[in-house]
Amino acid sequence: MILTLDNQTQVDFTKSEMIPAIIQDARSGIILMQGFMNSEALNVTLKTEKVTFYSRSKSRLWTKGESSQNYLNVVSVHTDCDNDSILVLANPEGPTCHLGTQSCFGDDAKPSLSFLAQLEDVIVARKNDDPAKSYTASLFAEDLSRSCQNVGEEGVEVALAAMKHDNDELTNESADLIYHLTVLLQRQGLALEDVVKCLIGRHK
């Protein structure tokens with residue numbers, strides 16, 4: 001169930017005054033951290049759209065990022081089938097862990113497909129760099145037609161590799177295609193998430 005300010009009372013706090021709340025990156029799917037919420041913390045989370053826990057060590061509400069500014073911006077809040085635990089999809093501002101890692105479970109605890117979100121972040125970060133020092137920046141400095149050409153050429157290479165039944169080459173050419181497609185999408189003001197939304201819409 002998706003939780004809102006109107007239906008938050010559906011959460012069952014009768015078993016415990018505090019229930020576990022798992023925070024997941026809404027874009028990459030990476031589990032960022034786990035904490036505990038009481039009914040007040042849940043209410044504040046829904047109202048402010050900033051993940052807020054009940055700190056057992058401080059005995060008070062604690063908004064993630066209140067000191068570091070690394071807030072967790074709520075996208076949606078869900079309860080499980082028993083209504084006694086919470087999953088929050090959020091967009092993090094900076095690293096979630098106080099140790100500086102993206103996740104409190106360490107940087108190795110990532111689903112493999114989450115790297116596509118990381119790749120997109122790298123492309124966004126480098127697109128305004130010096131074109132002489134960054135291949136990615138050099139692509140953005142060229143005419144749009146060059147990016148279109150790159151996608152077309154890589155698509156052909158993917159098809160040719162498949163026709164040859166060369167899986168190593170197919171994997172490498174597919175990686176090139178995904179990279180150049182991501183660049184092209186960024187140049188057009190789009191993201192991989194927009195493509196995923198389109199696929200989801202077709203699946204329904």
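**Figure 1. A nonpolar surface patch in the predicted model.** In this predicted model, the residues I22, I31 and F105 form a nonpolar patch on the surface. Together, I22, I31 and F105 have about 250 Å² of accessible area. Of these residues, I22 is placed in strand β2. I22 counts as partly exposed because its relative accessibility is 36%, which lies between the limits of 20% for buried and 50% for exposed.

**Figure 2. The largest nonpolar core.** This core is made up of 21 residues. The residues with the most contacts inside the core are I23, M37, L42, V51, V77, I86 and V88. Two or more core residues come from each of the strands β2 (19–25), β3 (31–37), β6 (72–79) and β7 (86–92), and likewise from helix α1 (39–48).

**Figure 3. The surroundings of L42.** L42 is one of the residues with the most contacts inside the largest nonpolar core. Leaving aside neighbours within four places in sequence, L42 is in contact with L3, Q8, V11, F13, M37, V77 and I86. M37, V77 and I86 are also listed among the residues with the most contacts inside that core.

Figure 4. N150 lies in helix α4, which comprises residues 144–163. Is N150 buried or exposed? N150 is buried, because its relative accessible area is 6% and the cut-off for burial is under 20%. With neighbours within four places in sequence left aside, the contacts of N150 are L139 and H180.

**Figure 5. The protein chain as context for the close-ups.** The protein chain has 6 helices and 7 strands. Read from the N terminus, the order of its elements is β-β-β-α-β-β-β-β-α-α-α-α-α. The radius of gyration of the chain is 21 Å, well over the 17 Å given by the globule rule for 204 residues, so the chain is more spread out than a compact globule. Along the principal axes, the C-alpha trace spans about 60 × 40 × 30 Å.

Buried residues make up 34% of the 204 residues in the protein chain. Among contacts with a separation of 6 or more, 50% are between residues 24 or more positions apart. The protein chain exposes about 12,100 Å², and 54% of this area is supplied by carbon and sulfur atoms.

Conventions: Residues numbered from 1 in each chain as written. Predicted model: local features only at pLDDT ≥ 70, side-chain atom pairs only at ≥ 80, totals over all residues. Heavy atoms only, no water. Helix = DSSP H or I, 4+ residues; strand = E, 2+ residues; numbered from the N terminus. Buried < 20%, exposed > 50% of the residue type's maximum accessible area, 1.4 Å probe, protein only. Contact = heavy atoms within 4.5 Å. Core = buried A, V, L, I, M, F, W, Y, C linked by side-chain atoms within 4.5 Å. Patch = residues over 30% accessible without salt bridge, like charges linked within 9 Å, V, L, I, M, F, W, Y side chains within 5 Å. Areas by Shrake-Rupley, 256 points an atom, 1.4 Å probe, with all protein chains shown as cover. Salt bridge = Lys/Arg side-chain N within 4 Å of Asp/Glu carboxyl O. Rg over C-alpha atoms; globule rule 2.2 N^0.38 Å.
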